[in-house]
Amino acid sequence: MNIKQFVENSLGRWRSQRSAHHLTFSHFEAVQSVIDIVELSLNDGAVIDLCQSYNIDPTQAVMPFKMSWEGQSDWDENAEVKGSCILVPIPDPTVPNRGKLLRDQGYAETVAAVGDYQITEDGTFVLLTTYDRAAAEEKIWFANPNLRFRVSLIKTSGGSGVVTASFASEIRSLSGN
């Protein structure tokens, strides 16, 4: 699997059930959400702006996409779990199935971020992103075309300690809802 195939397999609406262990707070959280992943044009202004902010030629991008989510958490029932971000894969031209993933909003910190991705031989997408105060490691793989799994670790900035660990199962919504 390459990055184009991975993104194509990810497009659509997903229903997600995520369990997170916040080790810092000794708290367990359950989150149910709907995730929409849609392809963006290489000519999309936001894609071009994001590439240019990292001094990357937008023609190097492959399958840019927007991910939006909305859900509910049992930790704080009044808090909205929603947002969106633009993601732009930039494959490494010299190393197959590796590259950079540009994000207008990060996972561990809500700032623009760039991570290093690789797709392993078994088709697992692995993303490592370093932020100012934290580091994130995410792994996503498909059990079948309509079921995928995601594991995320938020680590201390030095990478020596795990702050949050989460696991999500995501089922593609075939009815469009």
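Mentor: Let's start with one term: a residue is called buried when its relative accessible area is under 20%. Keep in mind that we are looking at a predicted model.

Trainee: Thanks! Is Met63 buried or exposed, then?

Mentor: Met63 counts as buried because its relative accessibility is 9%. You will find Met63 in the loop between α2 (45-53) and β3 (65-73).

Trainee: And what about the backbone there? How do I read a phi angle?

Mentor: Here is the general idea: most residues other than glycine have a negative phi. Now the case here: Met63 is not a glycine, yet has a positive phi of about 55°.

Trainee: What is the phi of Asn97 near?

Mentor: Phi of Asn97 is near 60°, again a positive value in a residue other than glycine. Asn97 sits in the loop between β4 (81-91) and β5. With 31% relative accessibility, Asn97 counts as partly exposed.

Trainee: Let's turn to charges. How many salt bridges does the structure hold?

Mentor: In general, side chains of opposite charge can pair when their charged atoms come close. This structure holds 8 salt bridges. One of them brings together the side chains of Lys100 and Asp116, at 2.4 Å from N to O. That pair links distant parts of the chain, 16 residues apart: Lys100 belongs to strand β5 (residues 98-103) and Asp116 to strand β6 (residues 113-119).

Trainee: What are the relative accessible areas of Lys100 and Asp116?

Mentor: Lys100 has 37% and is partly exposed. Asp116, with 39%, is partly exposed too.

Trainee: Which residue forms a salt bridge with Glu137?

Mentor: Look at Lys155: its salt bridge with Glu137 has the closest N and O atoms 3.1 Å apart. Glu137 is in strand β8 (residues 134-144) and Lys155 in strand β9 (residues 147-156), so this pair ties together parts 18 residues apart in sequence. Glu137 itself counts as buried, at 18% relative accessibility.

Trainee: Where does Glu170 lie, and where does Arg148?

Mentor: These two form a salt bridge, and their closest N and O atoms are 2.6 Å apart. Glu170 lies in strand β10 (residues 162-172) and Arg148 in strand β9, so parts 22 residues apart in sequence are tied together by the pair. Both Glu170 and Arg148 are buried.

Technical notes: Residues numbered from 1 in each chain as written. Predicted model: local features only at pLDDT ≥ 70, side-chain atom pairs only at ≥ 80, totals over all residues. Heavy atoms only, no water. Salt bridge = Lys/Arg side-chain N within 4 Å of Asp/Glu carboxyl O. Helix = DSSP H or I, 4+ residues; strand = E, 2+ residues; numbered from the N terminus. Buried < 20%, exposed > 50% of the residue type's maximum accessible area, 1.4 Å probe, protein only.
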